[in-house]
Amino acid sequence: MPIEPMPVELLEYASDLFAPEDAALKALTRAAQEAGMPAGWEITPDVGRLFQVLCRAVGARKVVEFGTLAGHSALWFARALPEEGKVYSIEINPEYAAVARRELAKAGVGEKVEVRVGAGRDMLPALEREVRESRTPFDAIFLDADKAHYPEFLAWSVRVLRPGGLLLADNVLRSGSWGGQTLLDPTATDPRIPAIREFNRLLATHPQFTATLVPIRAGVAVGIFHGSSALV
Ligand SMILES: C[S@@+](CC[C@H](N)C(=O)[O-])C[C@H]1O[C@@H](n2cnc3c(N)ncnc32)[C@H](O)[C@@H]1O
């Protein structure tokens with residue numbers, strides 16, 4: 001029997017109950033609008049709450065995310081970490097990074113979130129070096145930028161995640177505004193689509209991950225790493 005899509009009012013009921021947006025999250029959305037950031041690119045509260053549950057489940061203390069925008073996902077992560085926890089948030093646009101730093105400080109997590117400016121892939125060697133030198137791998141990695149290169153981020157993640165750590169990635173089921181092209185269209189010309197198909201295939205079959213795709217919003221990949229970090 002086909003499964004009916006979940007009615008929107010039930011999804012809203014669940015999100016309002018478990019992931020109500022507080023003043024700080026609303027302030028981030030306002031700041032994003034005022035700064036002219038694209039609307040609706042931030043993770044939604046239901047996804048933020050899912051990430052918090054997962055971070056708490058694995059006892060996350062050190063998280064890196066690619067794609068800061070105004071800082072919504074950074075704030076959800078920061079609030080799930082213990083006092084000494086740290087979120088490294090990588091953003092290519094210096095103006096967005098400045099807005100995020102300012103707003104995250106106002107939200108009370110300025111000390112917990114370090115926003116770094118640069119292209120995600122360019123930052124990988126430095127992040128890897130820091131993991132090696134500190135002998136502290138990441139507990140969670142969240143991919144939400146440079147979607148045409150998700151497979152490369154997956155390859156990198158096995159070198160810097162601790163055993164039991166999380167790999168999370170957004171937009172793995174639906175392409176939304178990507179020229180109306182869908183994930184399953186074999187003729188899709190947007191380079192992000194074949195890259196995400198390849199990422200999903202690699203993650204599904206990866207011997208060092210137990211993973212699934214959660215069909216929430218644009219689709220979120222959740223993988224638990226059970227290899228051993230090559231670095232520490
Ligand atoms: C989907 S938004 C991130 C949303 C954010 N994670 C949140 O939930 O609020 C993607 C962000 O990645 C940034 N970006 C795009 N390409 C990038 C790259 N190669 N490296 C780092 N950031 C990039 C964009 O400027 C944008 O702010």
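Colleague: Where is Arg-217 in this one?

Modeller: Arg-217 sits in the loop between β6 (209–214) and β7 (220–225). This is a predicted model, and in it Arg-217 has a positive phi of about 50° although it is not a glycine.

Colleague: What about the phi of Leu-69?

Modeller: The phi of Leu-69 is near 50°, which is positive, and Leu-69 is not a glycine. Most residues other than glycine have a negative phi. Leu-69 is in the loop between β1 and α4. Leu-69 is buried, because 24 other C-beta atoms lie within 10 Å.

Colleague: How confident is the prediction, on the mean pLDDT of the protein?

Modeller: The mean pLDDT is 95, and 97% of the residues reach 70 or more. Confidence is highest in strand β1 (residues 62–66), at 99, and lowest in helix α8 (residues 192–205), at a mean of 96.

Colleague: Change of topic. Which residues are closest to the ligand?

Modeller: Glu-42, Gly-67, His-72, Ser-73 and Ala-145 are the closest of the 19 residues that surround the ligand. The shell divides into nine nonpolar, six polar and four charged residues. Helix α4 and strand β2 (86–91) each supply at least two residues of the shell.

Colleague: α4 again. Which residues touch the most other members of the largest nonpolar core?

Modeller: Val-63, Leu-75, Phe-77, Ala-140, Ile-141, Leu-168 and Ala-169 do, in a core of 62 residues. Helix α4 (residues 72–80) gives the largest share of this core, six residues.

Colleague: And what does Phe-77 touch?

Modeller: Leaving out residues up to four places away in sequence, Phe-77 touches Phe-51, Cys-55, Val-63, Glu-65 and Val-87.

Colleague: What does α5 pack against?

Modeller: The buried residues of α5 pack against α2 (23–34), α4, β2 and β3 (113–117). Those buried residues are Tyr-96, Ala-97, Val-99, Ala-100, Arg-101, Glu-103 and Leu-104.

Colleague: What span should helix α5 have?

Modeller: Helix α5 (residues 94–106) has 13 residues, so at 1.5 Å a residue it should span 18 Å; its end C-alpha atoms are 18 Å apart, which agrees. Just after α5, Gly-108 takes a positive phi of about 90°.

Colleague: Last one. Where is Leu-124?

Modeller: Leu-124 is in helix α6 (residues 120–134). Leu-124 counts as buried because it has 20 C-beta neighbours inside 10 Å. Leu-124 is 7.6 Å from Trp-156, C-alpha to C-alpha, with the two 32 residues apart in sequence.

Key. Residues numbered from 1 in each chain as written. Predicted model: local features only at pLDDT ≥ 70, side-chain atom pairs only at ≥ 80, totals over all residues. Core = buried A, V, L, I, M, F, W, Y, C linked by C-beta atoms within 7 Å. Buried ≥ 20, exposed ≤ 12 C-beta atoms within 10 Å, placed from the backbone. Helix = DSSP H or I, 4+ residues; strand = E, 2+ residues; numbered from the N terminus. Contact = placed C-beta atoms within 7 Å. Near = placed C-beta within 6 Å. Nonpolar A, V, L, I, M, F, W, Y, C, P; charged D, E, K, R; others polar. Expected span 1.5 Å × (residues − 1). pLDDT = per-residue confidence, 0-100.
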